[in-house]
Structure formats: C-alpha cells, structure tokens
Amino acid sequence: MLGKLTLDAIPLSQPIPLIAAAVVGLVLLGVIAWTVIAGHFPYLWREWITSVDHKRIGVMYCILALVMLIRGFSDAILMRSHMLFAYKAPGYLPPEHYDQIFSAHGVVMIFFGAMPFMIGLMNFAVPLQLGVRDVAFPTLNSVSFWLTASGALLVNVSLVVGEFARTGWWPAPPLSEATYSPGVGVDYYIWAIQISGIGTLLSGVNLVTTILKVRAPGMSYLRMPMFCWTALASNLLIVAAFPILTATLAMLALDRYLGFHFFTDSQGGNSMMFMNLFWAWGHPEVYILALPAYGVFSEVISTFSGKPLFAYRSMVMATMAIFILSFMVWLHHFFTMGPGGDVNGVFAITSMIIAVPTGVKIFDWLFTMYGGRIRFHTSMLWSLGFMLTFVVGGATGVLLAIPPADFVLHNSMFLVAHFHNVMVSAVLFGAFAGYAYWFPKAFGFRLDEWWGKVAFWFGISGFVVVFGAFYILGLLGMTRRMQHYDVADWRPWILIAGFGVVLMLVGVVAQVVQLVVSIRRRESLRDETGDPWDGRALEWATASPPPVFNFAAMPQVHGEEAYWTIKAAAREQLSLRNEPDYAPIEMPINNPTGVVCAFFATLIGFAMIWHIWWLAVLGFLGAFATFVVFAWRDKAEYEIPASEVQRINRANRTTRLEALQGVGRRRAA
Amino acid sequence: MRTGSATRILTRAGAVAGAVCSLTGCQNYNLFDAKGPVGAAEANILIIASVIMLAIIVPTMIATIVFAWWYREGNTRAQYRPNWAFSGRIEMVVWSVPLLTIIFLGGIAWIGAHRLDPMTPLDSDRKPIEVQVVSLDWKWLFIYPEQGVASVNRLVMPAATPVQFRLTSSSVWNSFFIPRLGSMIYTMRGMTTRLNLMADREGELYGLSTHFSGDGFADMNFPVQVASDEGFAEWVRQAKESSLKLDPASYGELAKQSTGDKPRLYGTVDPKLFDGIVAQTVPPGPGPSAPGGVEAVRPKGGS
C-alpha cells in the first residue's frame, strides 16, 4: 500500500535533522495558522497563490529563493562547524549525515536558491523593461513557479521522511546507482530536480518568447536594456540545456527503477557518459545563473554612475559570445579522467576563451563608472564588491582550465573556493544588488540603507575570509567532501574558515533585520514617484508598485535608454508628456492551475520516491485533469475599464509632476 | 626575472612549511613542496600562470577602487561626462588585453596538456616499474606484477625510478593523487587509466582519493614510502614472506565495504587478477552489505 514507506523512514534516533525539520515545520505551520486565523488566507489565495501577474510571480520566486538560501546557509554552518571538531576526531556529524548535508547544500543553493532568485528577478523586471503588460504565457508562468516550489518542498521533506542523496550535488554513477545507493536519497534528488527542472524549462520558453515576441512599439533588439539581453541569453541557454539534464536524470531513474544499464559500467553501460551529459548541462547552467546577474550589474552600475552603459553593443556581443561558448567547455570538468593531450588541450583553450568576453564586461563596467557621478547605494556596493572579487574567481578559473594545473587542483578545496568565488560573487551579489535595486519598484518603499550596508560589509568580508582560506587549503593538498582529517597543516585554515562563516552569519542576520526594519519604517521610505534611483529603463516609468497592467498606455520607444530619453525631455520642458487616450485593458484572470498542478506533481514525486505506484498514477491523472480544466476554460481575460486606468495613471502623474516642479523650483533658485 | 623569483620564494615557503612539518611529524600535502619532476613542473605552471594573471587583475582591481572613489558624487573636482558611452580605442584595448593574455596562457595550456599528460612516460635512464592500483570501498590496493606482491593502503616505490601506474576501481569512482608527486587520475570500474610519476629521493609522502566515493571516503588516504633501491628490494623480500594470497576469493573479501584497514601485504598474487577486475570477470565490490531493511530507507546509526 505505501511502497517502501514505513515508520522507520522517520529518523527518530537522529536529533539534528529531526530538530531542524521540527523547527522548519513549526515555523511553516505557524505561518499557515496565522494567515488562516487572521483571515489573510482568502487574500493570499486570490492575490498571490493563484496570481498570474509576472510581478507577483517574480516576487514569490525571490521569496522562495531567500528562504532556501537560508536553508542552504544552515547546511554550510553545519559543515563548517563540524569541521572544527573533525581534526583527528570524528566530528559531530557521522559520514552518512555529513554526506547528505554537503549534497543538499549544493542542490539547495544552485537549484532552489540561485535559480529562483535569478528567474524571479527576470520575471519581475523583464516585462517592465520591455514596456509590456505581462509575459507571453501568464498561466504557464504560474505553473513554472509552483513546480519549482514543489521541487524545493520535496528536498525539505527528505529531512524528515527518509534521507537525501549522499552522492554530492551531482549524483555521479556508479555511486548513485541502486547497488551503491540503495536508499531513497538519490530518488529524492531525481524527482525534486525533474519536477523543478520542468518548471525551469517552461519558464525559459516563456521568457524567450516574451523577449522575442512581446516588446513595446519601437523597442528593437538593440534598444533593449542590457538586463533583457542577458535574460534572453540565459533563457535561450535554459531552453537548450535543461532538456539534457532531464534526459540524463531520466536515464538514471531507468537504471535505478527498472534495472537499465545506461550508467552502470556493466553490460555496455558507461558512467563517463553521465559525466559528459551532466556537464553538457552543468556548464551552461553556470552561465544561466551568471548572465542575468551580469545584467543586474549593468543596470545598477549605469544607474548609480548617472551614465549610459559603456560600449552597449560590445556588451551585447560579449553576452552572446558567452552564450555560445558556454556549450563548448564541459570537458574541463574531467581533465583528470585521462582523455589525452589533444582533447584536454582543445577544451583548455575553449574554456579560457570564455574569459575574453567576461573580461570585456569587467572593463566596460569600469569605463561606465569613468566620468560618472557615483552614488554608493547598497546595490552599487554589491556591484563593486562583485567587480573586485570576481576577477579573482575568473583568474582562478583560467588557472583551473590549464590541464597541468588542474591535475593537482581538481576536486580540491581550491576548486571549491573557485566556484564559490564565481557563484557567490556573481550570482549572489548580483541577486542582492537586484533585490535592493528593484525592491522599491515591487513594494513601493525602499530598503533601509544602514542595515543593507552592514549586510554588505559583513557578507563580503566573511566571503573573502572563508574562500581565501579554502584557496590555501587547496594548495596545501586538501580535497573536498572529507568528513574528517588529520593533517595539522590544514587546521589553522579550517579554523579561519570557521571564523569567516561567523562574519557571513552576521551579514545574513543583517539582511533579515534590514527587511524587518524597512517594513516597519515603510512610510518614511516610501517611493512616491516610481523612480527612486533616477533610473534609465522603462520599469521606472511607471508607479511603484506598478498597477497590474504595468503601463496605462504602451510606451513608445525612440532610442536606447527608453525612459531616460522621456525623462530628459520632461526635465527640459518641465512638463510630462501629454496624457494618453485611455482605453480599457484586458488582463488574464488569476487561476489556480499552477498551484493545483504542482500539488499533483508533488504527489507524483513523493509516490515515485517511495514506490507507491497507485498514488503516482493518481497524481498523474490529477495533473492531466487540471490541464484539461484549464484548456476548456470559457473566459480567460477580464477588462479593466478606461476610467479605472485613467484614475490609476493620473495618481502617478500627479506625484511625478510635483517632483518635476520641484526640479523647476530648484533650477529657478 | 620576476616569475623566477616568485617561483623561488613560493617553493622556499613550501619547503619551510614542509620542514616545520617534518619536525612535528605531521603529514604534508603541500603542492609547492613537490618531490618529483611532474609535481615540480605543475607547481611551476601554477605559479607562472598566477603571476601572469595577477599582472592583469591587480591593476583592474586598483582601477575599480580609484574610479569608484574619484567619481563619487561628492567629489566636485571630478569631471562629470553624462553622455560619454563609447570609445573605439578603449574597446580595442578592452578586447585585446584579455585576448592576448588568453592566447599566451592557451599556449602554456596546450603545451602543458601534452608534455604533462599523465599517460606520457617520463624521461629516465632507468627501467620503469609497474604498479597496478585498484580503489576499493574504502581502501587502496597496490599490485606489483613484476615482483608478484601486493599491498593494501600503503604504497612503496623506489626513488628516482619512473613508476607506471595502471588504475581501475572495484566499485565506484575514486581519484588517485599523491599531491607532492603531482597529477591525479580517476579510477573507474571496467576501465583502466594510466599515470606516470617519479619521486626524486627517499622519504615519506602521502596520497589520498580526491573523488568522493561514499561514507568511508575521508579514510581513503595512504602513506607513500619512497625507498632506496636496496630498501625497495628489501620491502619486496619482506612482502614475499607474507602468507597472504591475493586471488579472486580473497579479493572478494577485500572488496567488501570497510574503513580504517591497516596496511597489509600479500606474498602471492594471481597474475591475471588485475585484468580480471577490469574485465569484471572478477565480481565488482558489492556495495552496502545489507540491501533492503532500514538501510534501504535511510542511513543507520545515530549521532
């Protein structure tokens, strides 16, 4: 009846995961109970859970990411603190737990921290920057989000019911095959990633279609803001790369469930094929995450320098070069499998070539600041922190791309330091920069600067200390994923890394405090005009938070930096453009397809993990029925009357006019 | 030359750390304290490439700080150029600097990938010895086919003699690495990889697995004794005295999961064993001993 699921699956004898899970569960239950008792549930259901508004879905992606980043960071704290006690001693986490923790840390950070954050920012900002009302397929967007949330849920369920993978964040066979990993850990991995992977793929299709097909009149490709370009490249990569991951994990699932031999190293199967396929997705994935972050930095640096982005077309070229090159480098993940000098040499050079467009980007950001008038807003600080630390990560990346250097550094702590150096510095700093930059647009008030700066300084110094120590540990020959060690040389650096985590923790706490403080002080932090940073792209042309239809009338784009052109004209004439002719606007109706679909997807995943076949069939039928109900809907859109559009738009025009008159008065005085 | 002196300083720093280590008797894995030609060449490439890149990134970092500070909003002496957004000359430099650097480093990578390819035999007047390496759950087996002996969790090799390793795995992937000799290589079931290393002189080194292989992974390290020719011959003689026999049956016992195995010697070795392991005519490691039950659902044991 319940497949492999018995009471044994709950780790009653193991206090750490149980307490962790209990705390998470209680907090979750508490939040749910509070929303229901306080009567917020109908509002949440109507306005958020079933929302098909790209802005709200973007915000929900970012909330999911923030929660999962904290989960991933807790794993990091466990690992670093365990290592403090693991010198000539077993530490406090037995290997079977330690292995789950470093596996979960990687999975959570990449798939459920970094990915949703970047997709969330793209979801939120891209349609606004393109000057349109929503993404191409609003309901599909909601499905994407909820499938991602479903995957995240499954990973967290593994804390209490069963176990998570003990194979590392990429489950390399033969270790991940049923013979060597008979538990449900790898199955949790497979189904969580498959379900969220479908969500990601759909999201990629959606954003690619949006950018290619849905743009404001006059918004030609070479007038799009840089963030839209990087979003386009990133989503094209998603569409091209994620099917590889899905197919690879499907093959692994066939091996595990039906005794196939794709990767078993017997009867014709070959585990190296998994390595090739996984990294054929895995390396583009790095750029799927990094490219949107580059876009954020481009927006932030240009806005806070008060200048257009330097060499915009060159930046577009660099972005698209990275997009293409990212598919040609995967083999550098296994130089040490002995492919021979020619193969290693070719992939060494292709890997290094990626550093050229990336280097160009760094220099172009540098010259964007040159001749600027720089304001050190938190998002600008994150961008500068990125520029200063990312060059080190880039250099060590080139170093690792040299095969003889990789022969001694592969899988070492140096490698761990390198990829954290690039991922944290580009993706996480980019996410935080984007968060501080677009927060007022999403919620109508700015974030508290003081706490933001505390978070920045502690975050970046902790990051430098931890990964600086990791670089040295790698040069001292330490390899990754060791549960204990007895080499005296390594001990001081492991202690230093432990101290660095404390600094990072302060940064994380400051980030949370910043949010709380900002919400409490929201009246004094209010963004009245919708353009708090003197922005340059179209998202700043509408109110904060934007009305559901984003723009009362489609903006007409006449050049690069669409909003800056409009604003410059307004400042010159000290008056706004003429009011548009208001017309009724049709918007898609919110519907629960996404959340219901994800509910059934979670059932399918859980049932497959525990071999509860009838439940899997039930889940599949439910998901299909949801699709049928949605496909046969009678009414897809509702109309916002012209008078309502006019009322909303006039309110924003009034505040903008007041701000403009302020400019006029200052100029006169 | 700067690179040369940087190399010397770092090598010396490595040697000092190594000396401190040998005084206190701790294990030394320092990459810059290389004890063989392969490791030394790789440490050298590491340093040269780092210096080249530092020459690019340090000025970039300085420029970032200087530009950001000089063009701060409050600085009235800085000239604001709100519309300056392109310069063909700067773009020329911006594309050429990374390109030239990469062409140069790409040359190093291409030459290095060939010259230091693990499969390439090392230059030496002396006849290389062969060692067959099998990674097991969770220990290392070293078979000396010419000498007809085998050793678990302890590698002994003669100094100044090239060693040709042929490697495979009994179960999951591992990676064989002696940091101070250089070049790691994967061990994979059903496949052999090749590695050529040489140690300059006698001494005690350490090796480890660098690819995660399951719960016992952290214990997959082993001492490496580099012996004189006489010392090596003496060790072989001692090994031959061992009554233990390595054949498919005893290998089957050895292939079961275990950690913390004490070094052990086999006096007799089935000469076809290694090829049998590779061809999988000898059964692979069985994995977790008790499939089904609690283990199938979640790990056993408490914390």
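View 1. Over residues 45–71 of chain B, the chain is 96% helix and 0% strand, with end C-alpha atoms 39 Å apart. This is a predicted model, so please read every view here as a prediction. An unreviewed UniProt entry places the feature "transmembrane region" at these residues and also at residues 92–113 of chain B. Over residues 92–113 of chain B the chain is 100% helix and 0% strand, and here the end C-alpha atoms lie 31 Å apart.

**View 2. The annotated domain of chain A.** For residues 43–558 of chain A, an unreviewed UniProt entry lists "domain: Cytochrome oxidase subunit I profile". Helix makes up 69% of the chain over these residues and strand 0%, while the end C-alpha atoms are 40 Å apart.

**View 3. Where chain A meets chain B.** Here 112 residues of chain A are in contact with 96 residues of chain B. The area buried between the two chains is about 8,900 Å², and carbon and sulfur atoms give 69% of that area. Look for Tyr180(A), Phe407(A) and Val408(A): together they supply 8% of the area that chain A buries against chain B, more than any other three residues.

**View 4. Polar links across the interface.** Between chain A and chain B there are 22 residue pairs in polar contact, both residues being at pLDDT 80 or more. Several helices of chain A give two or more residues to the side that touches chain B, among them α4 (95–130), α8 (271–305) and α15 (449–475). The helix that gives the most is α11(A), with 10 residues. The interface has 1 salt bridge. In a salt bridge, the side chains of Arg166(A) and Asp215(B) meet at 2.7 Å, N to O.

View 5. Glu449(A) and Lys453(A) form a salt bridge, with their closest N and O atoms 3.4 Å apart. Why are these two partners about one helical turn apart? They sit 4 residues apart in helix α15 of chain A, which means a separation of about one helical turn. An α-helix has 3.6 residues a turn, so residues three or four places apart point the same way. Over all chains, the count comes to 25 salt bridges.

Conventions: Residues are numbered from 1 along each chain as its sequence is written. Chains are lettered from A and ligands numbered from 1 in the order in which they are written. This is a predicted model: local features need pLDDT of at least 70, side-chain atom pairs count only at pLDDT 80 or more; totals for chains, interfaces and linings use all residues. Side-chain values use heavy atoms; hydrogens and water are left out. UniProt positions are given in the numbering used here, feature names are shortened, and annotations may be inferred rather than shown by experiment. Contact means heavy atoms within 4.5 Å. Buried area is the accessible area (1.4 Å probe) that two parts lose on being put together, summed over both. A salt bridge is a side-chain nitrogen of Lys or Arg within 4 Å of a carboxyl oxygen of Asp or Glu. A polar contact is a pair of N or O atoms within 3.5 Å; within protein, one must be able to donate a hydrogen and the other to accept it, and residues adjacent in sequence count only if both atoms are side-chain atoms.
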